[in-house]
Amino acid sequence: MSACSGTQVTPSDTATFAATAYTDYAWRSEPPSSSTNSKDMLAQKSPSIRAGVEEAMSGLGYRRVDKTQAEFLIEYVAAPGFADGQLVRGGSNTTLYGSSVNRQVDGALEDNAYALSGPVKTGEMKLMFLDAASSEVLWRVDMSIVVEDANRIDHDKVRAAVRKGIAALPPAP
(Lines give C-alpha, C1' and ligand atoms only; values in the text may rest on other atoms or scores of the structure.)
Protein backbone atom coordinates (compact mmCIF):
# COMPACT_ATOMS: atom_id res chain seq x y z
CA MET A 1 0.00 0.00 0.00
CA SER A 2 1.29 3.42 -0.82
CA ALA A 3 0.03 6.79 0.27
CA CYS A 4 0.56 10.07 -1.50
CA SER A 5 -1.49 13.25 -1.59
CA GLY A 6 -4.42 11.69 0.27
CA THR A 7 -4.52 8.62 -2.00
CA GLN A 8 -4.01 5.02 -0.93
CA VAL A 9 -3.58 2.27 -3.50
CA THR A 10 -3.76 -1.45 -2.68
CA PRO A 11 -3.13 -3.68 -5.70
CA SER A 12 -3.49 -7.45 -5.59
CA ASP A 13 -0.70 -9.72 -6.83
CA THR A 14 -0.17 -9.39 -10.58
CA ALA A 15 1.13 -12.95 -11.16
CA THR A 16 -2.20 -14.39 -12.37
CA PHE A 17 -2.78 -11.50 -14.75
CA ALA A 18 0.81 -11.52 -16.06
CA ALA A 19 0.65 -15.27 -16.71
CA THR A 20 -2.18 -14.77 -19.22
CA ALA A 21 -0.02 -12.58 -21.52
CA TYR A 22 -3.24 -10.78 -22.55
CA THR A 23 -2.95 -7.48 -24.38
CA ASP A 24 -6.49 -6.62 -25.58
CA TYR A 25 -9.19 -5.31 -23.26
CA ALA A 26 -12.66 -3.82 -23.30
CA TRP A 27 -15.04 -2.39 -20.75
CA ARG A 28 -17.29 -4.98 -19.14
CA SER A 29 -20.24 -2.61 -18.90
CA GLU A 30 -21.37 0.64 -20.42
CA PRO A 31 -20.77 3.83 -18.43
CA PRO A 32 -23.64 4.81 -16.14
CA SER A 33 -25.95 7.29 -17.79
CA SER A 34 -26.40 10.63 -16.15
CA SER A 35 -28.49 13.70 -16.75
CA THR A 36 -26.83 17.09 -16.36
CA ASN A 37 -28.49 17.52 -12.95
CA SER A 38 -27.66 14.04 -11.64
CA LYS A 39 -26.29 13.72 -8.11
CA ASP A 40 -25.04 10.17 -8.79
CA MET A 41 -21.35 10.32 -7.90
CA LEU A 42 -20.46 7.19 -9.90
CA ALA A 43 -21.97 8.70 -13.03
CA GLN A 44 -20.04 11.92 -12.39
CA LYS A 45 -16.73 10.11 -11.72
CA SER A 46 -17.11 7.57 -14.50
CA PRO A 47 -15.57 9.65 -17.32
CA SER A 48 -12.51 10.38 -15.17
CA ILE A 49 -12.14 6.75 -14.10
CA ARG A 50 -12.37 5.54 -17.70
CA ALA A 51 -9.96 8.20 -18.96
CA GLY A 52 -7.43 7.32 -16.25
CA VAL A 53 -7.68 3.61 -17.07
CA GLU A 54 -7.32 4.15 -20.79
CA GLU A 55 -4.32 6.48 -20.37
CA ALA A 56 -2.54 4.05 -18.05
CA MET A 57 -3.33 0.96 -20.12
CA SER A 58 -2.17 2.64 -23.33
CA GLY A 59 1.04 3.73 -21.60
CA LEU A 60 1.71 0.09 -20.65
CA GLY A 61 1.06 -1.13 -24.20
CA TYR A 62 -2.43 -2.64 -23.78
CA ARG A 63 -5.01 -2.08 -26.52
CA ARG A 64 -8.69 -1.28 -26.12
CA VAL A 65 -10.74 -3.33 -28.59
CA ASP A 66 -14.37 -4.22 -29.22
CA LYS A 67 -15.85 -6.28 -26.40
CA THR A 68 -16.32 -9.32 -28.67
CA GLN A 69 -12.56 -9.40 -29.39
CA ALA A 70 -11.29 -8.62 -25.88
CA GLU A 71 -9.15 -11.09 -23.95
CA PHE A 72 -9.97 -9.42 -20.65
CA LEU A 73 -12.62 -7.02 -19.41
CA ILE A 74 -12.32 -4.12 -17.00
CA GLU A 75 -15.02 -3.24 -14.47
CA TYR A 76 -15.05 -0.65 -11.71
CA VAL A 77 -17.10 0.35 -8.71
CA ALA A 78 -16.93 3.58 -6.75
CA ALA A 79 -18.59 4.54 -3.48
CA PRO A 80 -18.15 6.97 -0.61
CA GLY A 81 -16.31 5.76 2.47
CA PHE A 82 -14.58 6.81 5.66
CA ALA A 83 -11.04 6.29 6.94
CA ASP A 84 -9.99 6.59 10.56
CA GLY A 85 -7.97 9.72 11.15
CA GLN A 86 -4.83 9.83 13.19
CA LEU A 87 -3.67 12.48 15.60
CA VAL A 88 -0.24 13.62 14.56
CA ARG A 89 2.23 14.04 17.41
CA GLY A 90 5.71 15.39 17.45
CA GLY A 91 5.55 19.17 17.20
CA SER A 92 5.89 20.89 20.58
CA ASN A 93 2.92 23.14 19.81
CA THR A 94 0.55 20.17 19.37
CA THR A 95 1.23 18.58 22.74
CA LEU A 96 -0.28 19.65 26.02
CA TYR A 97 3.08 20.63 27.48
CA GLY A 98 5.54 22.42 25.24
CA SER A 99 9.26 21.75 25.39
CA SER A 100 10.02 25.32 26.44
CA VAL A 101 9.02 26.68 29.84
CA ASN A 102 7.89 30.01 28.35
CA ARG A 103 5.98 28.50 25.45
CA GLN A 104 2.20 28.56 25.74
CA VAL A 105 0.03 25.84 24.26
CA ASP A 106 -1.91 27.05 21.22
CA GLY A 107 -5.42 25.92 22.16
CA ALA A 108 -6.84 26.40 18.66
CA LEU A 109 -4.08 24.27 17.14
CA GLU A 110 -4.65 21.56 19.74
CA ASP A 111 -8.42 21.61 19.05
CA ASN A 112 -7.81 21.40 15.30
CA ALA A 113 -5.43 18.47 15.76
CA TYR A 114 -8.12 16.56 17.66
CA ALA A 115 -10.88 17.57 15.23
CA LEU A 116 -8.85 16.43 12.24
CA SER A 117 -7.94 13.14 13.91
CA GLY A 118 -11.47 11.76 13.46
CA PRO A 119 -12.87 9.86 10.50
CA VAL A 120 -12.10 11.36 7.10
CA LYS A 121 -14.50 11.15 4.16
CA THR A 122 -13.02 9.20 1.26
CA GLY A 123 -13.92 8.14 -2.23
CA GLU A 124 -13.40 4.40 -2.62
CA MET A 125 -12.77 2.84 -6.03
CA LYS A 126 -12.10 -0.70 -7.12
CA LEU A 127 -10.91 -1.79 -10.56
CA MET A 128 -11.29 -5.43 -11.52
CA PHE A 129 -9.76 -7.16 -14.52
CA LEU A 130 -11.71 -10.26 -15.55
CA ASP A 131 -11.04 -13.01 -18.07
CA ALA A 132 -13.41 -12.34 -20.99
CA ALA A 133 -14.26 -16.04 -21.47
CA SER A 134 -14.66 -17.20 -17.85
CA SER A 135 -15.31 -13.94 -15.92
CA GLU A 136 -12.63 -15.07 -13.46
CA VAL A 137 -10.98 -12.13 -11.65
CA LEU A 138 -7.40 -11.89 -12.91
CA TRP A 139 -6.35 -8.79 -10.98
CA ARG A 140 -7.83 -5.99 -8.92
CA VAL A 141 -6.75 -2.79 -7.26
CA ASP A 142 -8.44 -0.81 -4.48
CA MET A 143 -8.00 2.96 -4.31
CA SER A 144 -9.02 5.37 -1.60
CA ILE A 145 -8.93 9.14 -2.14
CA VAL A 146 -9.43 11.70 0.63
CA VAL A 147 -12.42 13.89 -0.28
CA GLU A 148 -11.61 17.52 0.35
CA ASP A 149 -14.86 18.97 -1.00
CA ALA A 150 -17.90 16.66 -0.92
CA ASN A 151 -19.75 18.91 -3.37
CA ARG A 152 -17.12 18.77 -6.12
CA ILE A 153 -15.28 15.92 -7.80
CA ASP A 154 -11.61 16.54 -8.47
CA HIS A 155 -11.40 14.78 -11.86
CA ASP A 156 -7.63 15.21 -12.11
CA LYS A 157 -7.18 13.54 -8.73
CA VAL A 158 -9.47 10.64 -9.73
CA ARG A 159 -7.53 10.08 -12.97
CA ALA A 160 -4.21 10.30 -11.13
CA ALA A 161 -5.35 7.73 -8.55
CA VAL A 162 -6.46 5.34 -11.30
CA ARG A 163 -3.16 5.73 -13.16
CA LYS A 164 -1.27 5.16 -9.91
CA GLY A 165 -3.26 1.98 -9.24
CA ILE A 166 -2.69 0.57 -12.70
CA ALA A 167 1.04 1.37 -12.49
CA ALA A 168 1.38 -1.88 -10.50
CA LEU A 169 0.65 -3.88 -13.67
CA PRO A 170 3.49 -5.17 -15.81
CA PRO A 171 3.79 -3.78 -19.35
CA ALA A 172 1.97 -5.66 -22.10
CA PRO A 173 3.99 -8.58 -23.50
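Visitor: Which residues is Ile 166 in contact with, leaving aside its neighbours within four places in sequence?
Guide: With those neighbours left out, Ile 166 is in contact with Val 53, Ala 56, Met 57, Leu 60, Leu 127, Phe 129 and Trp 139. Contact here means heavy atoms within 4.5 Å.

Visitor: Before going further, what are we looking at?
Guide: This is a predicted model, in which local features need pLDDT of at least 70 and side-chain atom pairs count only at pLDDT 80 or more, while totals for chains, interfaces and linings use all residues. Residues are numbered from 1 along each chain as its sequence is written, and side-chain values use heavy atoms, with hydrogens and water left out.

Visitor: How many residues has the largest nonpolar core?
Guide: The largest nonpolar core has 28 residues. Ile 166 is among those with the most contacts inside this core, together with Val 53, Met 57, Phe 72, Ile 74, Leu 127 and Phe 129. Such a core is a set of buried Ala, Val, Leu, Ile, Met, Phe, Trp, Tyr and Cys residues joined through side-chain atoms within 4.5 Å. Buried means under 20% relative accessible area, exposed over 50%, and partly exposed in between (1.4 Å probe, protein chains only).

Visitor: Which elements give two or more residues to this core?
Guide: They are strands S3 (24–27), S5 (72–83), S6 (120–131) and S7 (137–146), with helices H2 (41–59) and H4 (155–166). S7 gives the most, five residues. Helices (H or I, at least four residues) and strands (E, at least two) are DSSP runs, numbered from the N terminus.

Visitor: Now Met 125: buried or exposed?
Guide: Met 125 is buried, at 6% relative accessible area, and lies in strand S6. Leaving aside neighbours within four places in sequence, its contacts include Ile 49, Val 77, Val 141, Val 158 and Ala 161. Met 125 and Ala 161 are 36 residues apart in sequence, and 9.2 Å separates their C-alpha atoms.

Visitor: Changing topic, how many aromatic pairs are there?
Guide: The count comes to nine. Rings of Phe, Tyr and Trp (its six-membered ring) pair if their centres lie within 6.5 Å; planes under 30 degrees apart count as stacked, over 60 as edge-to-face and the rest as tilted. Tyr 22 and Phe 72 form a stacked pair, 6.4 Å centre to centre with 10° between the planes. Tyr 22 is in the loop between helix H1 (15–20) and S3, and Phe 72 in strand S5, 50 residues apart. Phe 72 counts as buried, at 0% relative accessibility.

Visitor: Which residues do ring pairs link into a cluster?
Guide: Phe 17, Tyr 22, Tyr 25, Tyr 62, Phe 72, Phe 129 and Trp 139.

Visitor: And how many salt bridges?
Guide: There are five, a salt bridge being a side-chain nitrogen of Lys or Arg within 4 Å of a carboxyl oxygen of Asp or Glu. One of them joins Glu 55 and Arg 163, whose closest N and O atoms are 2.8 Å apart. Because Glu 55 lies in helix H2 and Arg 163 in helix H4, this pair ties together parts 108 residues apart in sequence. Both are partly exposed, Glu 55 at 32% relative accessibility and Arg 163 at 33%.

Visitor: What about Asp 142 and Lys 126?
Guide: They also form a salt bridge, with the closest N and O atoms 3.5 Å apart. Asp 142 is in strand S7 and Lys 126 in strand S6, 16 residues apart.
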